[in-house]
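Colleague: I have the file open and some time to go through it. Can you walk me through the packing?

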Amino acid sequence: MKKWIGLLFAATVAVIFAGCAEVTPLPHPIVPEESGNTVKIGVLLPLTGANAEFGKRTLRGVELAASELNNGRGISSRRVELLVRDTKSNPSEARRQAEALFDAGIIGLVGPYSTNEALAIRPVVEGKLIPTVVPLATGDEVTEGTNMIYRTCFTDSQQGEAIAAYAWYWRKLLRLAILISDDEQASYSRNVARAAANAFTELGGEVVQMVEFQGDREEFAKKLRDLVAYNPQAILVPAEPDNAGVLVKYIRELGYRGLLLGPESWDEREFFSNCGADPGDCAFVGLYSEEYDLPEQLAFRDLFRRTYFVFPSTCEAQGYDALKMLAIGLGNVTSVQEFNRNMQHIRNVPGASALYTMKPHGGIDRTMFIKTIRPAAGPDEEPESRLSRSFNMKKIYQLKED
């Protein structure tokens, strides 16, 4: 009798405290009464406009993940139905389409592609309570302070820290110079540059010069000559793929032979088409590596090749992982709190790109890659990247403590 009284008391206390806990219901929850229906997932990507190629590639990864889910248990034993919308590479259109997707009854969202688009939809996602995972928008502010948006990509700050750690711990460099876009709207370039500068200085290194770059070659050549006079052991070039490749080639033509460093934007075909046949000693951060020997990555690579007859790269893998992580978050959820609980239970979960650990308020610790560049093998070939090392942010923090 005492045992049953104790159990009854404990159950009563649990109910009381459960009733006191704040619960925010999702407007489109997964409920058992609708078990025969599909789960509608919004996919918001640029399929036209300046970023169309990246959006289309990311969509392939999302579609492959949906196919795999539907060949298994789906989400909460329900099939996944993708509602795909085009942002047209425009933040205003991204916001309009996010609202339309909510009205269409989505329970979760993958996308959008860029930081500007992600910031444009953030008020919609938070206001309408749409669980969201962004695959490639690296801006820190996309996920800071929110419980509705997570990411599968690292942030601008994290890649700046990774670049600084590589230069300091693994290359034993003491002096770094940084090129930075003169366009105040180029937040990607400027954020990575500042993060790398701060991290390298905190480690004990010296940022000898930060130089703004622009399109005028004559002025850039003068600035670069002035920069080289400070004798930097490495120069960070945080620019978009096509511009970064042009800058790397021009820096080499002007005679600099030291290490050139870059962010994940270098890991694109446009960079290798523009950087010259032999860009010299270069290293950059990557979100994905085809040489990573994680079994899940190898399985994804093989499945993607058999499905689309080409090998995947960063966009495809990030899109695939974004839907897979969202599926974990949405498993049997009816409230914002349950979604966050599921997401934050993701600890060293393997995906196509990385091992993922989700943290509160959209934070992430995931595998990061440092890649170097192999010169072109022949006159009709382009340089290729190769994996140098892989680590997660925890490793960098451990190095600091040691």
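Modeller: One term before we start: buried means under 20% relative accessible area. Also, this is a predicted model.

Colleague: Fine. Which residues of α6 are buried?

Modeller: Y188, S189, R190, V192, A193, A195, A196, A197, A199, F200 and L203 are buried in α6.

Colleague: What covers the buried residues of α6?

Modeller: The cover includes two helices, α5 (156-170) and α13 (393-401). It also includes the strands β6 (175-181), β7 (206-213) and β8 (234-236).

Colleague: How many residues does α6 have, and how far does it reach?

Modeller: Helix α6 runs over residues 187-203, so 17 residues by the DSSP assignment. From first C-alpha to last it reaches 24 Å, close to the 24 Å expected at 1.5 Å a residue.

Colleague: What follows α6?

Modeller: G204 does, and its phi is positive, near 120 degrees.

Colleague: Switching to aromatics. How many aromatic pairs are there in the whole structure?

Modeller: A search of the whole structure finds 13 aromatic pairs. One of them is W168 with F200, an edge-to-face pair. Their rings are 6.1 Å centre to centre, with 85 degrees between the planes.

Colleague: Why does that pair tie together separate parts?

Modeller: Because W168 lies in helix α5 and F200 in helix α6, the pair joins parts that are 32 residues apart in sequence.

Colleague: And W168, buried or partly exposed?

Modeller: W168 is at 22% relative accessibility, so it counts as partly exposed. F200 is at 0%, so it counts as buried.

Colleague: Now β9. Which residues are buried on each side?

Modeller: β9 covers residues 259-262. L259 and L261 are buried on one side, L260 and G262 on the other, and both faces of the strand are covered.

Colleague: What does β9 pair with?

Modeller: β8 joins β9 through 3 bridges, and the two run parallel. L236 stands opposite L261 there. The chain gets from β8 to β9 through helix α8 (residues 241-253), and this β-α-β crossover is right-handed.

Colleague: And with β10?

Modeller: β9 and β10 (residues 282-286) also pair in the parallel sense, over 3 bridges. L260 stands opposite C282 in β10. Here the chain crosses through helix α9 (residues 269-274), and this β-α-β crossover is right-handed too.

Colleague: L261 came up just now. What does it touch?

Modeller: Leaving out residues up to four places away in sequence, L261 touches I163, Y166, A167, L176, A234, I235, L236, V237, W266 and A283.

Colleague: How many residues are in the largest nonpolar core?

Modeller: It has 97 residues, and those with the most contacts inside it are I41, L261 and L330. A second, separate core of 26 residues includes V211, F213, F220 and F271.

Colleague: Which strands make up the open sheet?

Modeller: An open sheet of 3 strands has the order β11-β12-β13, with antiparallel pairing. β11 (349-350) and β13 (364-366) are the edge strands, each pairing on one side only. β11 and β12 (residues 355-358) pair over 2 bridges. P350 has L355 as its bridge partner in β12.

Colleague: Last one. R366, buried or exposed?

Modeller: R366 lies in strand β13. It is at 1% relative accessibility, so it counts as buried.

Colleague: What is R366 in contact with?

Modeller: Neighbours within four places in sequence aside, the contacts of R366 include T152, C153, F154, L287, Q318, L355, Y356 and N392. R366 and N392 are 26 residues apart in sequence, yet 5.4 Å apart in space, C-alpha to C-alpha.

Definitions and conventions: Residues are numbered from 1 along each chain as its sequence is written. This is a predicted model: local features need pLDDT of at least 70, side-chain atom pairs count only at pLDDT 80 or more; totals for chains, interfaces and linings use all residues. Side-chain values use heavy atoms; hydrogens and water are left out. A nonpolar core is a set of buried Ala, Val, Leu, Ile, Met, Phe, Trp, Tyr and Cys residues joined through side-chain atoms within 4.5 Å. Buried means under 20% relative accessible area, exposed over 50%, partly exposed in between (1.4 Å probe, protein chains only). Contact means heavy atoms within 4.5 Å. Helices (H or I, at least four residues) and strands (E, at least two) are DSSP runs, numbered from the N terminus. The expected span of a helix is 1.5 Å times one less than its number of residues. Two strands pair if DSSP finds at least two bridges between them. A crossover is right-handed if, with the strands pointing away from the viewer, the path from the first strand over the helix to the second runs clockwise. Rings of Phe, Tyr and Trp (its six-membered ring) pair if their centres lie within 6.5 Å; planes under 30 degrees apart count as stacked, over 60 as edge-to-face and the rest as tilted.
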